[in-house]
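Dear colleague,

Please find the structure below for your records. My notes on it follow.

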Amino acid sequence: MSSETRVASLREFWQRGRGQANLMIGLLVTLLLVALAAVSLFWTPYPVNAIDIPAKLQPPSAAHWLGTDQFGRDVLSRIMAGARNSIAVSLVAVGIGAGIGVPLGALAAARRGWVEEVVMRFNDFTFAFPALLSAVMITALLGPGAVNSIIAIGIFNIPVFARLTRGAALSLWQRDFVLAARVAGRGRTRITLDHILPNIASLLIVQMTIQFALAILAEAGLSYLGLGTQPPDPSWGKMLNEAQTLMFLAPQLAIFPGLAIMVTVLGLNLLGDGLRDLLDPRLRRLR
Amino acid sequence: MSLLSLQDLTVTLDTPEGPATVLDRVSFDLAPGESLGIVGESGCGKSMTALAVMGLLPAAARCRGRIDFEDQDLLTLDERALCALRGRRIAMVFQEPMTALNPVKTIGFQVAEGLRWHFGLGRGEAEARALKLLDRVGLPQPRFSPDLYPHQLSGGQRQRVVIAMALACDPALLIADEPTTALDVTSQAEILALIAEVTAGSKMALMLITHDLAVVWQNTAAMLVMYAGTVAERGATAEVFARMAHPYTRGLLAASPGALEDILPAGRRLATIPGQVPDPHDRPQGCVFAGRCPRVADDCLPCPPGERLLVPGHAVACLHPHEGETPS
Amino acid sequence: MTGNPKGVETLLRVEGLVLDYPLPRQRLLAPAPRHRALDGVSLQVARGESLAVVGESGSGKSSLARAVLALEHPAAGRVELMGQDVFSLSPKALRSLRRHAQMVFQDPYGSLDPRRKVGWIVAEPLDALESGVDAAARRARIAEVLESVGLKARDAEKFPHEFSGGQRQRIAIARALITHPALIVADEPVSALDVSVQAQVLNLFMDLRERLGLGYLFISHDLAVVRHVADRVAVMRLGEIVEEGPVEQVFGEPRHPYTQKLLAAVPRIGHPRHRPETSTS
Amino acid sequence: MALFLLQRLGTLLITLLVASLLVFLVMEVLPGDPAAIILGVNARADTLAALRAEMGLDRPAWERYLLWLGGLVTGDLGRSYTYGVTVWELVAERIGLSLPLALMAIVLSTVLAIPLGVLAAARRNKAADVGVMGFTQLGIAIPNFWFAILLILLFAVHWQVLPAGGFAGWDAGFWPALKTLLLPAVALALPQAAILARVTRSSVLETLGEDYVRTARAKGLSRRAALWHHAVRNALIPVVTIMGLQFSFLLAGTIIIENVFYLPGLGRLIFQAIAQRDLIVVKDLVILLAASVVVVNFLVDLLYAVLDPRLRGGGHVL
């Protein structure tokens, strides 16, 4: 981990961040998405599940900015509600991944020996199962639904954070300032909390934004297969699945949900890249 | 006629914090077969000088002045012409032997590569000459087979491979940038002896860069003391050591614990140079050493001191140089 | 000087210390080969005495520094710190013993946690090893040690990246002083510094020794530095001490061939030169 | 060197064993009884018991696990409830589609990504670099199934050049079959190519900064020669590792892409088998996919040792 990180206070954080194109765009898109989801909690142009058969399959118009689907429901409202679902699933899933993965990784680096071996075998094992395969299996067996897809995606995130934390922590344990803490009589746990975690925090933040983006893709994939959020609640993946069957009638139906996913993931990745440059100038060289 | 002649070489680096002056009007000559030691602390620009001569400065560097080598100004040559010179007429040895060699290529391949690139030799002939070169730098066959990989050699042995690579095309000038700093003291002695013997043997000019005054004393006929991108003092090594004129040179000698012959009586402190090297982004107006100089006077501040010739073969860039013998 | 058991004349006694590092296994059935870093090392440091350990890379001197402070567990041998056998103590007893021996490291850029303020860094041994120190006393102790190494009390509010290499090494020394130890183990403390800054830090080491009566275990590969800062010197090679004695005697009339080879290899001003005299323009 | 591979082989076998155990346990925990599923809810108790005995469901769990494990090794993967044929036949028939599809995707992404990555690194911050980085940002952000739908919209609906889905089967001739696999392969390859290009670029940038590249330049090699002779060769080592990891993402991708294009491949089979609770098929397929991922990573380790002599051992010269 770089020992030359210059970010000392929040003021400096903002002052240095302004010049970063990636960071600004990423932040903007992510905030827009969150706002969209928040607003949809209590207001959407049309009731999300209001069916209006005569008005079905209308192209974008003044009344329905993004047109209507096969049941006449307003596409824009459903996309706004879909955003809420995507964020919720991805946030909790990444939370599970980091919440369990980071302590595991830190433990593996601190304790070494057989503990490390167990954690790393668990990691190799979960990498052996393709992400979506295990997600498909879990949601199919526990039944489809938002909660199960959270669990499925969450489980897949654990080894990512465990492996990252262990790698970064291992190199920190060799550093002199950790040896100095040991000479000062500090125990493994105290050193992990005082020295190891603060020095890998920026690495973890960056990884979270990237895993968040991957989680949104995974959730969309699951709901496309019908294993994620169940109707009538809207989810971007499901909307795309339905749109595919009407591809010849209303091709535009397949455009907007996909666009929403892409923009969200793009925004999060840019935010991740921007944060990486800001928090760890040493990594800028690899840009 | 001099083989290499730098005239007022000035290099500025564009950094996020603005332009930084790394070299400021550096001038010196080097005749064929001669040896020149460049000594100074980190950040004084000695490595930058070497990279400027090799034409390997970072992209953000902007050069002014002249670097004449065999009657050509290197700063005006295009990339193709420089490639023809590098390795062929000017070769370089670097500081870190552990990372200077390609880990996935054999040492035989890497030594022969220069020959095949410049002379278009076939694989067989190039490998044969590589064996002779390895032998010449003290890595005899069959113990040091050309099929070995760098990770199978020690630091000192790897540095010998790097030297063999540098000698491949029998260049006119060898630049050694702190070749022994990363080595143990015993390997350092062997590598310095090897460099001296090889360059003397084949009439090759040597530019040896180091931070250790004793290494300069032992290995080079002429020397150059650099401080914060400028030449403080230069001349024949024996002459400069006898009558050190620049306050920085004397301060450096007094601060080096090993330099003095006898053991300091118990408890006597090393002489120190107060303060720090000025930041290249905001260089002082006048003499760069003024801020730390015990002999500073008003006339030192307005503009940088020009170089004065004390005696043939010994020049100093200081308005109030020391006059007498160097205290031992 | 508070906190030091009175009358303990030998700060550190090491007897027959053997330390092995496991190497990656070469053959499946054969046990993993081991690198013998220390092969029966014995030495002593009296109160207020400066013992230097000099040797090339791979001689085991850094392993010795770590073993002495119980950062590594030896295969055999004893380490007695302030009269107590370090490896037979309970963790709690070992912790209270640590107050008397602290360490300074080589890399000024690696020995300070970049995410912590200087005040916190310097006070870490105090927070860990002494209880019942209220905020005011803590601030005073921080100011005391910062000033004793030539820095200012208000530097406690800054971050390590705001200091030069030499200043960072002073902060590391201040950290080692805060629990008023009797012994400082310094592992190549000046090797990463430029000559002029090195001189300042070496002088600081000598001032502190005179003022606070500190004992040093001073590890270095630089013979000139060792000759300057130590009373006695032990020459190490491949995990063994091949020669030990007062600095004048070991440097004046070295007996062991390896010591002679080491001393001969050091370039010295005034000695014969490789290059013949030639004039230059 | 041999030891390095033996250790890797060891972890491979352990991982597979643990995987098989976990899959078996997960299937055990599953609510619902397979026999009831096949015979329908109102089947009589005795026929249910007979079927269960015939399927060996009445034997203790560990015995069934060992039997299943034995079957895996000998290739007797048991008979599928819903399809009525042995799992082996099912797999053999479907692998003819999934394997070529996966290989096409890998070849496509590698051939596209590595040169782009090297180009972007060589021309850092110039037009080519910005272009590649833009393409990779999009490539990672676009969900592969949406990209598939867009491809269908464009090539099948709008230009009617390629089929919208379905698989012509190899017996319908090499080219027609390949044509049906083209769009799915592109859809699968895009995200992989984007990730691989970024990894290649940062890996090459890393090696370009190494001392031995500067040494090569000091020997007189041109920028391009130093890049290809020294930097790229070293940069490939981490890239190969990423390709190994990507294989598992690829398999996951096939599940979705085969659904988008209605391709009767392994991915679609496993999805349908899960939906229909066809335990035998699910168990075998999951292990088969997991085994292929682990084997691929083992091969990557082999390639790793070939690329990097440091792993090949060879003692120090004393």
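**Findings**

Helix 10 of chain A (residues 255–279) has 25 residues, which should span 36 Å at 1.5 Å a residue, and this agrees with the 36 Å between its end C-alpha atoms. The expected span is 1.5 Å times one less than the number of residues; helices (H or I, at least four residues) and strands (E, at least two) are DSSP runs numbered from the N terminus. Of the 25 residues of helix 10 of chain A, 21 are buried (under 20% relative accessible area, 1.4 Å probe, protein chains only).

This is a predicted model, in which local features need pLDDT of at least 70 and side-chain atom pairs count only at pLDDT 80 or more, while totals for chains, interfaces and linings use all residues. Residues are numbered from 1 along each chain as its sequence is written, chains are lettered from A and ligands numbered from 1 in the order written, and side-chain values use heavy atoms, without hydrogens and water.

In chain C, strand 9 (residues 232–237) and strand 10 (residues 240–246) run antiparallel and are joined by six bridges (pairing requires at least two DSSP bridges). C:Val233 has C:Gly245 as its bridge partner. Two residues separate these strands in a hairpin, and C:Leu238 in the turn has a positive phi of about 45°.

Between chains B and C, 55 residues of chain B are in contact with 40 residues of chain C (heavy atoms within 4.5 Å). No salt bridges are counted between chain B and chain C (a side-chain nitrogen of Lys or Arg within 4 Å of a carboxyl oxygen of Asp or Glu).

Kind regards

Key. Buried < 20%, exposed > 50% of the residue type's maximum accessible area, 1.4 Å probe, protein only.
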